[in-house]
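Visitor: I would like to learn how to read a fold from its strands and helices. Could you walk me through one?

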Amino acid sequence: MRKFTEILTVKEITELKACTQCRECLRYCPVQEVTGKTEISPSEKIRKYREFVNQTEGLRALVLKKEIPEEVLSDFTRAVFECTTCGVCGEVCPVGIDNQRLWPLLRREMVLRGLGPIGPQREMPGVIRQTGNPYNQPASNRYKPWFPVDVEPAEKADVAYYAGCTGAYQATPMVRGDVVVLGKIGLPFTMLNEDDEVCCGFPLFITGQFDLLEGLVKRLVDAYREKGVKVLVCSCPCCVNMMTKDWPHFYGSRLPFKIMHITQYVLEALKKGLINFEKEIKERLIYHDPCYLSRGLGIIEEPRRVLKAIPGVELIEFERHGRLSRCCGAGGAARKVFHENAVAIARLTIDEAVAKGADRLVLSCPACYEKVNEAMEGYKHRIPIVDIMELISTTIEGKG
Ligand code: SF4
Ligand code: SF4
């Protein structure tokens, strides 16, 4: 029989045991905020999982031989998949439980038990195997509809740009902005061709479906290595997180190149004087930290420094920002399955941005971009949204 601790490390088992059930995390959980369902709460998921472990492992379990009822496991599976994996629960946890890492592993365990993932998430591996992306879109449409005609990637270069599936197929102003900015920086950059730039693996990782990951990661890393790449630049926080934290594991060794989020790359270009801001933007901008960029990678200052460098900009903040930012609702591959939650959470961000009198809401994640945009449909509050590089691309001039 599978152990509930089988895929967990000693650190993760210790974390599960360490939860004091203080429920501090409940005050921050966005799913809790919009649904009020206690079973989804971080403390309850940990309590239940701990119960599964206690009932099935150790001497007492051997004597009592207790089985966990199937419906209890099914309810638990639903709860771990309804979470957006935003990780704020871990951020505020006094014990320091790294929930942004723990939840995907609990999802993985439920997948290995044949109980997860949920609904359309089950189709992802088949779709990715066939098309290279989770949106069932042809590779021929990956770049063509949005790629700026006046930017020409090099065949080989030290720097490579990875667009990512959500940007390329669902948040095209964002990836277009990235490429325009890279073009204006003027340093040569390369890209894989549209058939070779496949999914980074994050949607599979986050839904606990690991089978294709090694193949996808090796294919991508080897393709960049063949091009002699030294720095891989990407704007999607989930992709950058996956590349930084999980690609080395699935690749089997250290990556032969460095990973940079596009705001880090642009900040360096600004410092080197490769780009200048040519136009003023006299606006109150409010910036939303994506969970996997701020809490996941600690990239909090770079986007702000880039935005503050724009002449005329007044940057204002959400009450919860930086490491405590509220999820946009789209995280954890839950946005299609738990659509109502995602829209309700996104509307909390829209409400606050409107209440603070922001002229525009600046986003830097394709999933946030898509979800916040969708949440405004038929809603009482509206605010213009813009991706950070989409914005920067309209204000800078450079060598390119
Ligand atoms: S990761 Fe986010 S959505 Fe999931 S339980 Fe923690 S706070 Fe709630
Ligand atoms: S804040 Fe940490 S210790 Fe407290 S209930 Fe939540 S996960 Fe457990």
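This is a predicted model: local features need pLDDT of at least 70, side-chain atom pairs count only at pLDDT 80 or more; totals for chains, interfaces and linings use all residues.

Visitor: How many bridges pair β3 and strand β4, and is the sense parallel or antiparallel?

Guide: Strands of a sheet pair through backbone hydrogen bonds, either parallel or antiparallel. Here β3 and β4 (residues 258–261) are joined in the parallel sense, over four bridges. V233 stands opposite M260 in β4.

Visitor: Which strand do four bridges join to β3 (residues 231–234), running parallel?

Guide: That is β1 (residues 159–162), and the two run parallel. Within this pairing, Y161 has V233 of β3 as its bridge partner.

Visitor: What is the order of the strands in the open sheet?

Guide: Reading across, the order of the four strands is β2-β1-β3-β4, with parallel pairing. The edges are β2 (189–190) and β4, each of which pairs on one side only. Helix α14 (residues 262–271) packs on this sheet, where α14 touches β3 and β4. The direction of α14 makes about 85° with that of β4.

Visitor: Now for the ligand. Which residues come nearest to ligand 1?

Guide: Start with the residues around the ligand, then ask which elements supply them. There are 15 residues around ligand 1, and C29, P42, C83, C86 and C89 come nearest. Helices α2 (30–35), α6 (88–92) and α7 (99–112) each supply at least two residues of the shell.

Visitor: How many nonpolar, polar and charged residues does the shell around ligand 1 have?

Guide: The shell has eleven nonpolar and four polar residues, with no charged ones.

Visitor: Let me zoom out. How many helices and strands are there in the protein chain?

Guide: The protein chain has 19 helices and ten strands. Its radius of gyration is 21 Å, close to the 21 Å that the globule rule gives for 400 residues, so the chain is as compact as a globular protein of that length. Along the principal axes, the C-alpha atoms fill a box of roughly 75 × 50 × 35 Å.

Terms used:
Residues are numbered from 1 along each chain as its sequence is written. Chains are lettered from A and ligands numbered from 1 in the order in which they are written. Two strands pair if DSSP finds at least two bridges between them. Two residues are in contact if their C-beta atoms, placed from the backbone, lie within 7 Å. Axes are lines fitted to C-alpha atoms, for helices over the stretch in contact, and angles run from 0 to 180 degrees between N-to-C directions. A residue is near a molecule or strand if its C-beta atom, placed from the backbone, lies within 6 Å of it. Ala, Val, Leu, Ile, Met, Phe, Trp, Tyr, Cys and Pro count as nonpolar, Asp, Glu, Lys and Arg as charged, and the others, Gly among them, as polar. The radius of gyration is taken over C-alpha atoms; the globule rule is 2.2 Å times the number of residues to the power 0.38.
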